[in-house]
Amino acid sequence: MKLENVLAAKGSRIETCALTDTVRDVIARLKAANVGALVVVDGERPAGIISERDIARAIDGNTDVPSLPVSALMTHDVVLGEPGDDVAAVLDTMTANHFRHLPVVLDGRLVGIVTTGDLVRAELDTLRGHVVTLEDQVMAGGAE
Amino acid sequence: MTGLPLRVALIGAGPAAFYAADHLLKQAPSAEVDMFDRLPTPFGLVRHGVAPDHQKIKSVVKGFAAVAGDPRFRFFGNVEFGRDIDLAGLAAHYHQVLFATGAQTDRRMNIPGEDLAGSFPATGFVAWYNGHPSFRGERFNLETPAAVVVGVGNVAIDVARMLSLDAHELAATDMARHAVAALAASHVRDVYVLGRRGPAQAAFTTPELKELSELPNVDLVIDPAEAALDPLSAAELERANDPVLRRKVELIQALAGRPLAGRPRRLHLRFLVSPEELLDDGQGRVGAVRVVSNELVASGTGSLSAKPTTRRETIPAGLVFRSVGYRGVELPGVPFDSRWGVIANTAGRVCDPASDETIPGLYTAGWIKRGPSGVIGTNKADAVETVAAMLADAAAGISLHPSHPTAAEADAYIGSRCTRPVSFADWQRLDAMEVEAGARVGCPRVKFSSVTGMLAALDGEGGPPGN
C-alpha cells in the first residue's frame with residue numbers, strides 16, 4: 001500500500017501555519033483543529049514542522065515560549081514523504097526515528113500529512129482484509 | 001429519524017457495495033437499500049476481474065447473495081448513474097447515496113510508443129476474457145510469439161497466467177467462450193513479466209507465484225542475478241521481520257536456481273527493469289520493448305524506489321499489456337479529487353475539495369474512496385467505516401431530505417428512466433442459465449457476455465449463454 005491510498009480518504013485540508021506565526025498562534029490552532037502538529041509553510045513549500053512535543057519541551061522553565069516565533073521551536077530538517085512511498089517502509093522509519101507526523105509532497109508542493117496512527121490503521125485494515133478474504137473462502141467452502 | 005425508514009441508494013454492486021449493504025441492514029433496522037449497477041449482473045470485479053481459474057476466490061458471492069435475500073434489499077441492474085439516473089433524481093428519492101463504483105481505468109506508462117497497435121491496458125484484456133459486455137469486441141494480437149506484461153501485481157500475474165495456459169485448461173474455467181477460442185489459437189510462447197523493483201517489493205503473493213511455478217506446460221524463468229537482494233532490500237527484509245515477505249523472497253530465489261524442463265511455453269519473471277519505449281515494427285505495431293535495468297535507492301522515508309541505470313536491452317514482443325495501477329472515473333455531479341483519482345472524501349463522507357466541507361447525504365466506499373489497494377476483504381473495514389458515518393449522520397438528522405422517500409416512488413422514478421431494470425431474481429435466473437450451460441460443457445458456468453443477450457434470455461426470446 002502507498003501513502004496516496006491513506007491520503008485519498010483524508011480530505012484536502014492540511015493544518016499549517018506560517019513561518020512568522022507565534023507559538024501562541026500555533027497552540028490555538030492545534031487546539032481548534034484537534035491535531036498534534038502543524039506543517040510550517042513558506043508559500044506552498046514546507047519549511048518545517050511543529051508538534052505538541054516541541055512546545056512541551058521548550059516550555060520547561062521558560063515562560064516566554066508563547067511569544068516566540070514558530071521558527072525558534074520547529075524541526076527545520078523535516079523528513080518528507082511522497083505519495084508513492086510504501087506505507088510499511090515509512091512506518092518502520094517513523095517508528096525507528098521517533099516522529100509521528102509526516103508531511104507528503106508532490107513535485108515540491110505539500111499535498112497532505114499522515115500520522116503514525118493513520119499508517120498503523122491502514123496496515124491493520126490491510127491485514128484484516130486478508131483475514132476476511134480467507135475466512136470468506138473457508139466459510140463458503142468453494143471448490144478450487 | 002428514529003422509526004422512519006432510512007432509504008439508501010448504493011451505486012455499484014461490487015464487494016464494497018455489498019459489504020456496505022450488509023452492514024447497513026444489520027446495524028439499522030430502519031434501513032432500506034436499493035443497489036444500482038450499470039450492468040445487468042452484480043458483483044463487480046468478482047465477476048469481471050478475478051481470474052476465471054480462481055473459482056474459490058469467487059465463492060465470496062455466496063455471502064453477497066445472502067445479503068440480497070434480505071427483504072429490505074433491492075437490486076436494479078442495467079441502470080447506469082449519469083445515463084439513466086442522476087444525483088438530482090436520487091436526492092429526491094433517498095436519504096443517502098453511497099458511491100462504490102471502483103477504479104474503472106488504468107494508469108498509463110507515459111513512454112513513447114504506448115499507443116502503438118498491440119499495446120493495451122491489462123484491464124481491457126481481463127474484462128474481455130471475463131466476458132464484460134463492454135469489452136467482448138476487443139481484438140488482441142495473439143499471433144505474436146512473445147508478449148510483455150508490465151507490472152507485478154495480481155492482475156499482471158493473472159494476465160501472464162491466462163496467456164500461458166493451454167486450451168483445455170482454459171476451457172475448464174468460466175472464461176468467456178470467445179476468449180477461450182481466441183487464446184486456444186494463440187501463438188504466444190514467451191511471456192515476459194516486468195517488475196521495476198526487486199523481489200522484496202513485488203506485489204504478487206507467494207501462492208500466486210507458487211501457482212505459476214506449477215503450471216504443467218510452462219517453464220518459469222527467473223534470472224538468479226535479478227532474484228538476489230540488493231543491500232537496501234536485504235536490510236529492509238531484516239528490519240521488517242515479516243515472515244510472509246521472507247517466504248516470498250525465499251521462493252523466488254529457490255525458483256531462480258531451478259533448471260528448465262524444456263516445456264512448450266516460458267514465463268519470464270523479471271525484476272529491476274522498466275520499459276522505456278515500445279518500438280514500432282515498421283507497420284505501426286509494437287515489435288519490441290526497450291527496457292532499462294534499475295537500481296534501488298532509498299528516499300528520506302526509507303521507501304525504496306527504482307532508479308534507471310545505463311544498462312538497456314530489447315525484448316522482441318508483438319503484444320504489451322500495462323498493469324501499473326488503476327484510477328477511478330469522475331461521476332457527473334460528484335466532487336472528484338484528481339490527485340488520487342477518487343471521489344473527494346473524508347473517511348467516506350463526500351466533501352467539497354476546495355473547502356473540505358462535507359456534503360450532507362453523500363458517501364463513498366471501496367476503490368473510488370481510497371484508491372486501488374488491498375484484497376476483496378479490505379473493502380469490508382472500508383465499508384464499515386463509511387456506514388458508521390452514515391448512521392451517525394442519520395441519527396443527527398443529516399440527510400438529503402428527499403421529497404419522495406418511499407420505495408414505490410423510487411420504483412416510479414427508476415421505471416421512468418430505464419426500460420428494463422434487472423432485479424436480483426432476474427440475475428438468479430441468468431445465473432442458473434449460465435451454470436446449467438456450464439454443466440453441459442464441463443465448466444463452472446458459461447457467461448452471457450452481451451447485455452442484449454441477457455435481456456432477451458430473461459424475456460424468453462434469447463439463445464443460451466455464450467452467444
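Two residues are taken to be in contact if their C-beta atoms, placed from the backbone, lie within 7 Å. By this criterion, 37 residues of chain A are in contact with 39 residues of chain B. The model is a predicted one, in which local features need pLDDT of at least 70 and side-chain atom pairs count only at pLDDT 80 or more, while totals for chains, interfaces and linings use all residues. Residues are numbered from 1 along each chain as its sequence is written, and chains are lettered from A in the order in which they are written.

On the side of chain A that touches chain B, the elements giving two or more residues are α1 (3-7), α5 (87-97) and α6 (116-140) of chain A. Here helices (H or I, at least four residues) and strands (E, at least two) are DSSP runs, numbered from the N terminus. The most is given by α6(A), with 11 residues. Sorted by class, this side of chain A has 15 nonpolar, 11 polar and 11 charged residues; Ala, Val, Leu, Ile, Met, Phe, Trp, Tyr, Cys and Pro count as nonpolar, Asp, Glu, Lys and Arg as charged, and the others, Gly among them, as polar.

Within chain B, a pair of helices deserves a look. Helix α6 (residues 122-129) of chain B packs against helix α7 (residues 154-164) of chain B at an angle of about 55°, with the axes 10 Å apart. Axes are lines fitted to C-alpha atoms, for helices over the stretch in contact, and angles run from 0 to 180 degrees between N-to-C directions. α6(B) and α7(B) are therefore oblique to each other, a term for angles that are not under 35 degrees (roughly parallel), over 145 (roughly antiparallel) or 65 to 115 (roughly perpendicular). From α6(B), Ala122(B), Phe125(B), Val126(B) and Tyr129(B) meet Val155(B), Ala156(B), Asp158(B), Val159(B) and Met162(B) of α7(B). The residues of this contact comprise 8 nonpolar, no polar and 1 charged.

Turning to backbone angles, most residues other than glycine have a negative phi. His98(A), however, has a positive phi near 55°, and its place is in the loop between α5 and β4 (101-106) of chain A. With 8 C-beta neighbours inside 10 Å, His98(A) counts as exposed. Asn78(B), also not a glycine, has a positive phi of about 65° and lies in the loop between β3 (73-76) and α5 (87-93) of chain B. Asn78(B) is buried, with 22 other C-beta atoms within 10 Å. A residue is buried if 20 or more other C-beta atoms lie within 10 Å of its own, exposed if 12 or fewer, and partly exposed in between.
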